[in-house]
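Hi everyone, thanks for making time for this. I'd like to walk you through one chain today, so let me put it up on the screen.

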Amino acid sequence: MAINLQKGQRIEIGLQKVGVGLGWDPNTSTGYDFDLDASAFMLGENKKLPQDEFFVFYNNQISPDKAVESSGDDLTGGNSDGGDDETLTVDLSKVDPRIQ
């Protein structure tokens with residue numbers, strides 16, 4: 001499902017569970033591996049993390065409210081065959097009320 005938004009536009013998408021995926025192929029042209037990292041900053045009304053654990057990434061794979069979870073770190077992009085190498089899954093029904 002594609003959604004095209006204009007800056008500042010808000011819509012109700014009616015979803016409870018969403019995912020974000022990064023997929024890439026190993027670099028074969030320069031000899032240096034690509035390492036992409038999926039991460040999420042869960043911010044409060046003051047635009048800051050309520051606590052450090054609300055920064056979800058490969059070294060902190062689940063938020064304290066269990067709403068956001070990382071699949072972990074893929075260092076090369078070689079762990080999938082055309083799919084996502086790293087993912088973040090989000091259950092919007094579990095998001096801590098301090099998160100805006």
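Let's begin in a loop: K66 sits in the stretch between β3 and β4. One word of caution before I go on, which is that this is a predicted model. Back to K66: its phi is positive, about 65°, although it is not a glycine. Is K66 buried or exposed? With a relative accessibility of 53%, K66 counts as exposed, because the cut-off for that class is over 50%.

Now move one along in your view, to A67. A67 also belongs to the loop between β3 and β4. Here the accessibility is 2%, so A67 counts as buried. And what does A67 touch, leaving aside residues up to four places away in sequence? The list is M42, T89, V90, D91, K94 and V95. Please keep T89 in mind, as we'll come back to that residue. A67 can also be related to D96: the two are 29 residues apart in sequence, and their C-alpha atoms are 7.9 Å apart in space.

That takes us to D96 itself. D96 forms a salt bridge with R98, and the closest N and O atoms are 3.0 Å apart. How many salt bridges are there by this rule? The count comes to 1. The two partners sit in separate accessibility classes: D96, at 15% relative accessible area, is buried because that value falls under 20%. R98, at 41%, is partly exposed.

Let me return to the loop between β3 and β4 for another residue, N59, which is also placed there. N59 has a relative accessibility of 61% and counts as exposed. From N59 to S70 there are 11 residues along the chain, and the C-alpha atoms are separated by 9.0 Å.

There is another positive phi to show you. K47 lies in the loop between β2, residues 40–41, and β3. Phi of K47 is near 65°, again in a residue other than glycine. K47 counts as exposed, at 67% relative accessibility.

Time to zoom out to the whole fold. The protein chain has 0 helices and 5 strands, and read along the sequence the pattern is β-β-β-β-β. So which strands come together in the open sheet, and in what order? There are 3 of them, in the order β1-β5-β4, with antiparallel pairing. The edges are β1, residues 17–22, and β4, residues 68–70, each of which pairs on one side only. From one strand to the next, the twist averages 15°.

Let's look at the pairings here. β1 and β5, residues 86–91, run antiparallel and are joined by 6 bridges. On that side, L22 stands opposite E86 in β5. β4 and β5 also pair in the antiparallel sense, over 3 bridges. And here is T89 again: this β5 residue is the bridge partner of E69, and it is among the residues that A67 touches.

Now for the surface. Which residues make the nonpolar surface patch? They are I3, L5, I11, I13, L15 and L92, and the patch covers about 480 Å². One of these, L15, lies in the segment before β1. L15 has a relative accessibility of 38%, so it counts as partly exposed.

A few totals before I stop. The chain exposes about 7,400 Å², and carbon and sulfur atoms supply 48% of that. Of the 100 residues in the chain, 24% are buried. As for contacts with a separation of 6 or more, residues 24 or more positions apart account for 50% of them.

If you take away one picture, let it be the open sheet ordered β1-β5-β4, with buried A67 in the loop between β3 and β4 touching T89, V90 and D91, among others.

Conventions. Residues numbered from 1 in each chain as written. Predicted model: local features only at pLDDT ≥ 70, side-chain atom pairs only at ≥ 80, totals over all residues. Heavy atoms only, no water. Pairing = 2+ DSSP bridges. Helix = DSSP H or I, 4+ residues; strand = E, 2+ residues; numbered from the N terminus. Axes fitted to C-alpha atoms, helices over the stretch in contact; angles between N-to-C directions. Buried < 20%, exposed > 50% of the residue type's maximum accessible area, 1.4 Å probe, protein only. Contact = heavy atoms within 4.5 Å. Patch = residues over 30% accessible without salt bridge, like charges linked within 9 Å, V, L, I, M, F, W, Y side chains within 5 Å. Areas by Shrake-Rupley, 256 points an atom, 1.4 Å probe, with all protein chains shown as cover. Salt bridge = Lys/Arg side-chain N within 4 Å of Asp/Glu carboxyl O.
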